[in-house]
Amino acid sequence: MNLKNPAIRITLISVLVNVSLGLLKCIVGFWVNSRALVADGLHSLSDLSTDVAVLAGVVLSGKAEDEGHPFGHHKFASLAKLFVGGMLLLFAVGLVVSAVLDFQSGPVVEPGWLALCVALISLITKEIMFFWTRSWGRRLRSDLLVANAWHHRTDSVSSLAVVCALVGMKVGGANWAFLDSGVALVLGSFLVIEGVRISRRAVGDLVDAAPEAEILEDLREHILPTPGVVGYHDLRVRRIGDVYEMDLHIQVDPSISVENGHTIAKAVKQNLLKTHPEIFRVLIHIEPAT
């Protein structure tokens, strides 16, 4: 495992944070008899499954091409992203269902300053992890890291619900405990939408769906300006993991030599790779312009 890889380092830190917070919340929750805090702790521990999936996706997708995988292993990152998106969706739906049931039966939360402090620590820590992981995900252009960042947010939402319930009971007594369910319902619904979005993108990667129109237009801008290119067609782009693979046909002056045509194609490829480091492979077919 390459610890110099930022994605691997971030995910390992995430593992450490989830284990520490999960154990802390479970221990304190049992001690002060707070069902909500225990459930929040179990949620943190369950996040380890997504961390493992992210680690597997990053490590496997970085493997070189081999005889069994001549196109590389990048789709392992898409597969891991689908798992993370599915888990996010599962936990978000669980938050919504739990909130609806609690509105009917009333949450059982024992107020206590220790429980409140632990919930606040979890909330702040998980929000820091969310913004930090999402920032690195965007910097590395890694949808997988961004997806895992949103999983951190599900934990912070859970902690926020606990904080609201505990503060509400401190201020207004048991009648204010509905804040726990209210916050979880609203933010859980938002996370359901995010889980669906991440899962859809992962499925799109796995079935070789074309990327967004703005991405295609951005790539097109670096083809025709290349000296010697008369035109192009049959541009195809697919996302595999966190990188793109593309192929296209370029048209050149039919009177030039094969060597000159190859030089033009090479220039197009270099322009694309230089301006878009997220592109993994470019295959260019040369045709005479008619």
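This note covers the aromatic rings of the model and the charges over them.

1. The model is predicted; local features need pLDDT of at least 70, side-chain atom pairs count only at pLDDT 80 or more, and totals for chains, interfaces and linings use all residues. Residues are numbered from 1 along each chain as its sequence is written, and side-chain values use heavy atoms, with hydrogens and water left out.

2. The whole structure holds 2 aromatic pairs. Rings of Phe, Tyr and Trp (its six-membered ring) pair if their centres lie within 6.5 Å; planes under 30 degrees apart are stacked, over 60 edge-to-face, the rest tilted.

3. Phe130 and Phe131 make an edge-to-face pair, because their planes stand at 70°, with ring centres 5.0 Å apart. Phe130 is buried, at 1% relative accessible area. Phe131 is partly exposed, at 43%. Buried means under 20%, exposed over 50%, partly exposed in between (1.4 Å probe, protein chains only).

4. Phe130 also pairs with Trp150: centres 5.0 Å apart, planes at 65°, so edge-to-face. This pair links distant parts of the chain, from Phe130 in helix H5 (residues 113-139) to Trp150 in helix H6 (residues 143-172), 20 residues apart. Helices are DSSP runs (H or I, at least four residues), numbered from the N terminus. Trp150 is buried, at 9% relative accessible area.

5. Phe130, Phe131 and Trp150 form one aromatic cluster.

6. Arg153 lies over the face of Phe130, 3.9 Å from the ring centre. The charged end of Arg139 sits over the ring of Trp136, at 4.3 Å from its centre. A charge sits over a ring if NZ of Lys or CZ of Arg is within 6 Å of the ring centre and within 35 degrees of the ring normal.

Definitions and conventions
Helices (H or I, at least four residues) and strands (E, at least two) are DSSP runs, numbered from the N terminus.
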